[in-house]
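The sequence and structure come first.

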Amino acid sequence: MITGWFWVDLIIKVVLVLVVMIGLALVAIYAELKVMAHMQNRIGPYYAGGRWGWAQPFADALKFIQKEDLVPAGADAVIFKAAPYVVVASTVATFVVIPFSPSLVARNLDLGVYFLLAISSLTTIGVLMAGWASANKYSLMGGLRAGAQLIAYELPLVLTVAAVVVQAGTMSLVGIVEAQAAPIEIGGLSISLPFLLKGQIVGFIIFVVAAVAELSRIPFDMPIAESELTMGYLTEYSSLRFTMFFLGEYAAMISMSAIAATLFLGGYWMPFVPDSALIYVGPFILVTKIAILVFFMLWIRSTWPRLREDQLQDLAWRWLIPVALLNILVVAFFKVVVF
Amino acid sequence: MSYQPPATGYEALMHRSEVAVSVELQTQDMTLNIGPQHPSTHGVLRLVANVDGERITGVEPVIGYMHRGYEKLAEVRTYAQMTALVNRIDWVSGFASEVPFIIAVEKLAGIEPPERAQWIRLILTELFRISSHLVFTSSYPLELGGVTPLFHALRERERVLELIEAMTGGRFHPNFNRVGGIKPAAGGGKTQKQVSMDIPGGWLEDVKAAMERVLGATDDSDTLVTGNELIKARTVGVGRIPADKAIEYGLSGPNLRASGVAYDLRKQEFHLPYDQVEFDVISGQDGDCYDRYWVRLQEIRESVKIVLQAIEKIPAGPLRAKAPRVLKVPKGQVYVRGENPKGEFGYYIISEGGQKPYRLKIRSTSFSNLSILPWVLKGALVPDLVAIMGSLDFVLGDVDR
């Protein structure tokens with residue numbers, strides 16, 4: 001509660017979530033341009049904005065908006081037009097439950113994790129809509145690939161999150177962060193550690209792999225695969241609708257990193273930072289953790305090529321899901337028997 | 001807003017048949033038109049592919065979008081005028097396709113080019129081979145989705161192109177050969193005429209330095225691409241061409257050698273002094289995409305070896321033999337082939353006497369290399385299509401001529 005009036009609070013929260021999401025997404029776009037450029041012996045954007053090319057994402061967005069908004073003749077116009085908004089809306093909605101500090105959270109749901117997983121898989125529907133409604137064979141193949149891929153990788157993602165929920169004993173994201181901040185006794189020494197160092201290392205690795213696949217980024221970017229399917233389900237999109245997809249992609253990158261940071265790396269909490277300071281320092285701690293994870297994804301992108309669709313399914317069903325199931329068993333065993 | 005099928009005509013018939021098929025729960029193959037404008041067809045190749053889901057059941061290449069009629073053009077041009085055209089057939093290695101033509105003309109006319117010119121031709125051919133293979137090793141990972149190797153290899157290729165430019169004045173289309181030798185190097189003009197009658201000063205030293213950097217680029221490729229697990233997952237065992245099939249379809253160059261046939265025209269026919277340099281013929285084993293990549297990467301290293309030896313061995317002397325200003329070629333015919341970076345590249349010239357050829361047949365490499373596509377793509381997946389097509393390393397200008 002900020003002002004006490006429900007509608008005013010709601011509007012403030014919605015605006016805040018939108019600003020944070022778009023702002024972070026723009027920073028992620030700029031980071032991708034610059035980081036990849038330096039990894040590839042290039043300078044990257046340089047002129048826009050006068051210094052370091054900082055205005056390049058804005059320039060790109062403006063350029064896209066100026067383009068003609070095309071709807072293919074054979075397309076199912078209503079679904080074609082709605083698809084980007086479904087993708088963006090589901091991505092924005094994930095920011096609602098992510099805590100940036102003990103009190104800076106748009107809505108602290110008791111079933112926060114459940115909400116996250118449910119809402120983030122809505123993206124799949126948007127992508128399928130785009131692929132089907134475009135009336136283009138490349139789009140169709142891209143959409144179907146995306147569908148198959150997102151279903152396959154939703155499972156290991158959910159399973160690793162389930163292991164975290166078992167360890168934390170709560171589904172509220174604030175509760176999960178507090179569970180990581182709670183000190184544990186090891187040989188008379190009282191320390192507090194994030195879940196990553198409390199036996200969730202396997203879970204974290206699976207989560208990151210599955211998250212990269214969920215985001216359709218290299219090495220799992222088959223739904224887009226510009227060398228095979230030109231642009232996959234994005235082939236027919238232009239102008240503002242393409243910008244929406246584009247922004248949604250980077251916002252999803254931020255939100256996935258935020259989820260990973262909250263579940264495994266302690267979220268807004270950090271060791272040796274007093275609890276009273278967390279309310280102010282918390283957002284910076286979380287954003288730093290997000291930045292590290294995003295950098296990791298950019299690094300992967302400039303190192304690896306993409307896998308093939310069957311290899312991707314192979315990885316998900318034969319390796320990630322069994323290991324994730326085993327992970328739950330082990331975590332539950334330690335939770336019940338040892339601690 | 002849903003699709004309304006027309007009531008009569010062909011489309012209505014098609015719609016009814018589609019409904020009937022879907023009622024029986026059978027699926028229909030989809031015809032996927034890849035190209036002529038597509039990111040990975042290297043220009044204007046069109047592939048009409050029948051796909052069952054992601055599996056390709058048949059593919060038919062449609063070529064000719066870039067036909068420029070060089071064979072016909074040759075009939076109305078003098079031999080000297082043709083040198084400007086032949087290096088545009090395979091533009092990634094322009095000089096290498098110039099050399100067999102000019103040697104064929106010299107053989108017909110009975111002109112012996114001086115040795116120094118031959119050695120310079122050899123060095124430039126190898127530089128173009130390095131440049132062409134660097135384009136391949138950089139752009140092939142790009143087709144598999146890896147962006148970074150492109151920039152690392154293209155940076156060193158730029159050094160090679162700068163050397164070529166310093167020598168010939170052009171980066172891609174040198175037009176550097178003359179009947180009887182080579183043209184005086186770039187940087188000419190009235191005041192420098194005496195100086196520019198030979199290769200530019202310090203050029204050979206620059207080449208040596210550049211070769212070091214090229215070797216560095218191949219080492220970069222080794223660490224970034226060759227041992228990369230995902231590259232291996234995408235290429236090992238994909239698009240296998242057994243040796244007998246490769247010979248059957250007339251493959252040549254690295255594509256043939258990757259299948260295990262150690263056949264290199266540089267070891268067979270010595271129009272250029274390849275017999276005086278030492279190098280290995282690299283050949284693969286399985287003939288899959290990975291081998292084709294690996295063979296080309298190793299060939300860059302062999303080319304560097306050849307260039308360094310040639311720099312030591314290059315003799316002094318004139319650059320051009322005495323040839324008549326208006327070249328009249330006697331009656332006769334000749335076939336000269338050379339090892340282009342992409343494979344066997346040959347010219348068959350029939351002369352009825354006079355300044356122009358009666359008929360010119362160009363045996364272009366990529367055309368033959370591409371002919372195996374329908375066979376090798378059958379049963380592959382759509383992502384493999386890109387991997388296989390890229391690994392054959394063809395240039396559309398070379399296919400269509």
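## Contact between the chains

In this predicted model, 27 residues of chain B are in contact with 25 residues of chain A; two residues are in contact if their C-beta atoms, placed from the backbone, lie within 7 Å. On the side of chain B that touches chain A, at least two residues each come from β1 (30–34), α5 (115–143), α6 (148–168), α8 (229–235) and α14 (382–392) of chain B. Helices (H or I, at least four residues) and strands (E, at least two) are DSSP runs, numbered from the N terminus.

That side of chain B consists of 15 nonpolar, eight polar and four charged residues. Ala, Val, Leu, Ile, Met, Phe, Trp, Tyr, Cys and Pro count as nonpolar, Asp, Glu, Lys and Arg as charged, and the others, Gly among them, as polar.

## Three-stranded sheet

Chain B has an open sheet of three strands in the order β1-β2-β3, with antiparallel pairing. Its edge strands, β1 and β3 (55–62) of chain B, each pair on one side only. Two strands pair if DSSP finds at least two bridges between them.

Five bridges join β1(B) to strand β2 (residues 46–52) of chain B in the antiparallel sense. I34(B) has L47(B) in β2(B) as its bridge partner.

## Hairpin

Strands β6 (residues 329–340) and β7 (residues 343–354) of chain B pair in the antiparallel sense over eleven bridges. β6(B) and β7(B) form a hairpin, with two residues between them. Opposite V329(B) stands G354(B) in β7(B).

## Conventions

Residues are numbered from 1 along each chain as its sequence is written, while chains are lettered from A and ligands numbered from 1 in the order in which they are written. As this is a predicted model, local features need pLDDT of at least 70, side-chain atom pairs count only at pLDDT 80 or more, and totals for chains, interfaces and linings use all residues.
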